[in-house]
Amino acid sequence: MSPFSPKMHSTNDAVLPGGGTVRPSEALDGGFSPASVEASAPDVPGSTAAAERLAVRVGNLHLLLAADAGREVILPLPASRLPHTPAWLLGIANVRGALVPVVDLASAFEVERADLSRPYLLILGTGDDAIGLLVDGLPVLQRFESIGKLSGVPPHPPMLDGHVYGAFEHAGVVWLDINVHGFLESLSELISPTTG
Amino acid sequence: MTIKKVLVVDDSDTDLKNLEQIVSGAGYLVITAKSGKDAVAKTRSEHPDAVLLDVIMPEMNGFQACRAITNDVATKDIPVILVSSKGEKTDKVWGAEQGARGYVTKPFTADQILTELRSL
């Protein structure tokens with residue numbers, strides 16, 4: 001059985017193993033367009049360099065985005081629903097005066113949200129191009145060694161079809177390396193109102 | 001590390017002037033920028049000893065500028081202190097993720113700014 005939901009899609013048959021003045025160190029203790037979002041560059045084949053990615057979790061999915069894709073991370077804001085839009089589009093949120101569409105990735109990918117993780121809103125893009133992605137726990141920048149790179153594309157939600165560069169295995173967890181630009185483009189198409 | 005030259009970045013004229021007066025009043029040489037992109041460019045060209053960087057700015061915000069500075073081989077050793085009205089723990093952690101060495105929440109006092117600079 002797939003490590004993800006029964007509705008997962010696999011593009012191959014690979015079998016994969018299955019958060020006043022404060023210093024950061026103190027803190028640590030205690031219809032859009034994707035045009036302004038950087039595309040994650042796939043690693044050069046044969047390269048031994050480590051790849052830095054923005055690691056995010058959505059339920060039992062572990063996703064890697066371009067390291068500089070994230071503009072900021074905020075606590076979820078109330079979103080006003082839009083009629084005739086997919087359920088995973090939670091609506092439009094007011095982020096300091098900017099209207100930002102908010103996408104519930106767990107709903108979009110049809111996975112259960114992680115019970116113990118606090119949800120955060122990861123903001124990608126700027127101005128009219130901004131979008132908020134609801135994720136589980138704080139996204140973190142992480143380096144992945146090429147030795148952990150898997151061959152083939154692991155099972156993934158249908159909505160990610162064509163947007164998974166590959167995957168890394170790290171500490172027993174499979175991380176899907178996502179083409180952010182392509183994924184946001186397909187989301188944009190799904191959100192855009194139909195005409196005629 | 002001895003701090004002599006400080007790049008102060010803020011898109012607000014008022015906040016920029018305030019920060020500039022605090023820092024220059026303490027004897028530091030001050031250069032200024034009014035956007036994230038300008039901050040990255042001046043960090044490369046002026047090579048300051050430290051950067052005081054506002055977060056909420058249009059286009060490239062302070063988090064993004066910080067990452068650009070701390071990821072550039074030519075500027076990666078220049079410490080960046082974020083200065084922002086965004087005071088959530090999330091913001092401080094995210095700032096640290098982008099390479100910031102300090103975080104001061106607005107409204108700040110002169111002592112808070114100077115303490116951060118002296119701690120570098």
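## A tour of the predicted complex

Begin by selecting chain B, which in this predicted model averages a pLDDT of 96, with 100% of the residues scoring at least 70. For the complex as a whole, the predictor gives an ipTM of 0.87 and a pTM of 0.81.

Next, select chain A and colour the chain by secondary structure, where you will find three helices and 11 strands. Following chain A along the sequence, you pass through the pattern α-β-β-β-β-β-β-α-β-β-β-β-β-α. If you then colour chain A by burial, 37% of its 196 residues come up as buried.

Now turn to the place where the two chains meet, and select the 19 residues of chain A and the 23 residues of chain B that take part in the contact. On the side of chain B that touches chain A, at least two residues come from each of α3 (62–71), α4 (89–97), β5 (102–105) and α5 (110–118). Coloured by class, the side of chain B that touches chain A shows eight nonpolar, eight polar and seven charged residues.

Finally, move to the largest nonpolar core, which has 80 residues, and select B:Val51, B:Leu52, B:Leu53 and B:Ile81, the members that touch the most other members. Centre the view on B:Ile81 and, setting aside its neighbours within four places in sequence, look for its contacts with B:Ala50, B:Val51, B:Leu52 and B:Leu53, and also with B:Ala100, B:Arg101, B:Gly102, B:Val104 and B:Glu116.

Notes:
Residues are numbered from 1 along each chain as its sequence is written. Chains are lettered from A and ligands numbered from 1 in the order in which they are written. This is a predicted model: local features need pLDDT of at least 70, side-chain atom pairs count only at pLDDT 80 or more; totals for chains, interfaces and linings use all residues. Helices (H or I, at least four residues) and strands (E, at least two) are DSSP runs, numbered from the N terminus. A residue is buried if 20 or more other C-beta atoms lie within 10 Å of its own, exposed if 12 or fewer, and partly exposed in between; C-beta atoms are placed from the backbone. Two residues are in contact if their C-beta atoms, placed from the backbone, lie within 7 Å. Ala, Val, Leu, Ile, Met, Phe, Trp, Tyr, Cys and Pro count as nonpolar, Asp, Glu, Lys and Arg as charged, and the others, Gly among them, as polar. pLDDT is the predictor's confidence in each residue, from 0 to 100. A nonpolar core is a set of buried Ala, Val, Leu, Ile, Met, Phe, Trp, Tyr and Cys residues joined through C-beta atoms within 7 Å.
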